[in-house]
Amino acid sequence: MNSRAAESSKAKMISKVAFTLFLENGYEATGIRAICKAADAELPTLYYHFPSKKALLLSLAADLHNDYMASVPPSILDVGGNPEKRLQEYFLFIMHYTMTHIPETRFFLRYALFPPAELREEIHVFLQEDQKRKDELMQSAMMACIRSGLVNHSIENAMAMYWKFCTNNTFDAIMTAWKPNDRELLSLWQMFAHCQLSGQRPR
């Protein structure tokens, strides 16, 4: 293994160990030396790759976000696709991703809901940018559904309702033993789309 590959491998090991310790023990209770010991890395090596513990956590958050976005199916990214189908498929994608990436989702939720004091501003900005990218991804589909009459709300209210629906179901999957199959998820989506987005009342 050449020196560049060795450095990359060591950086990945440090990130992997830090992810586990930050998730299990929390940011404040995890020291740099504990990360070094678990990763079998010298202190200068860690600081070579990550200038601070703060930078290490933010690097993990960015990597998780990039992996998530890279997993989004092309059909959802296709702005020319069926708009209602895109909204539905993105909800299904979120749920599938959550159930197959439980530790990653727990990590994200932990630091989104309870950010360390020294990282509060950076995480706030990160979450704003993350939400902006997600809005940009799905807003055209929601607008098309509003124009066609499938959605009877303003774009602001419709998007807020959509993200709340996705988030609530994500929480249920993470916080309980709930593991819905596709049939159950589609039933939930149809009820949400018919009763809430369309503004119709169940008979």
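# A tour of helix packing and salt bridges

Begin with α7 and α8: α7 passes α8 in a left-handed crossing (left-handed if the near helix is turned anticlockwise from the far one by less than a right angle, right-handed if clockwise). Helices here are DSSP runs (H or I, at least four residues), numbered from the N terminus. This is a predicted model, where local features need pLDDT of at least 70 and side-chain atom pairs count only at pLDDT 80 or more, while totals for chains, interfaces and linings use all residues. Residues are numbered from 1 along each chain as its sequence is written, and side-chain values use heavy atoms, with hydrogens and water left out.

**Stop 1: α7 against α8**

Select residues 102-113 for helix α7 and residues 120-148 for helix α8. Their axes come within 10 Å and cross at roughly 120°. That angle makes α7 oblique to α8. Axes are lines fitted to C-alpha atoms, for helices over the stretch in contact, and angles run from 0 to 180 degrees between N-to-C directions. Angles under 35 degrees count as roughly parallel, over 145 as roughly antiparallel, 65 to 115 as roughly perpendicular and the rest as oblique.

Now show the side chains. From α7, pick F108, Y111 and A112; from α8, pick I123, F126, L127 and D130. These residues meet, with contact meaning heavy atoms within 4.5 Å. Six residues of this contact are nonpolar, none is polar and one is charged. The classes are nonpolar for Ala, Val, Leu, Ile, Met, Phe, Trp, Tyr, Cys and Pro, charged for Asp, Glu, Lys and Arg, and polar for the others, Gly among them.

**Stop 2: α7 against α9**

On the α7 side, select I102, T105, R106, L109 and L113; on the α9 side, T170, F171 and I174. This contact has five nonpolar residues, two polar and one charged.

**Stop 3: the salt bridges**

Side chains of opposite charge can pair when their charged atoms come close. How many salt bridges does a search of the whole structure find? There are two, each a side-chain nitrogen of Lys or Arg within 4 Å of a carboxyl oxygen of Asp or Glu.

Select E122 and K54. Their closest N and O atoms are 2.7 Å apart. E122 lies in helix α8 and K54 in helix α4 (residues 53-70), so this pair ties together parts that are 68 residues apart in sequence. E122 is partly exposed, at 27% relative accessible area. K54 is partly exposed too, at 26%. Buried means under 20%, exposed over 50%, and partly exposed in between (1.4 Å probe, protein chains only).

Next, select K134 and D130. Their side chains meet in a salt bridge of 3.3 Å, N to O. Both residues lie in helix α8, four residues apart, about one turn of the helix. Are K134 and D130 buried or exposed? Both are buried.

**Stop 4: along α8 to I146**

Stay in helix α8 and select I146. I146 is partly exposed, at 23% relative accessible area. Leaving aside neighbours within four places in sequence, I146 is in contact with V151, H153, S154, I155 and A158.

**Stop 5: S15 in α1**

Finish at S15, in helix α1 (residues 3-25). S15 is buried, with a relative accessible area of 14%. Beyond neighbours within four places in sequence, S15 is in contact with F50, L56 and L60.

Conventions: Helices (H or I, at least four residues) and strands (E, at least two) are DSSP runs, numbered from the N terminus.
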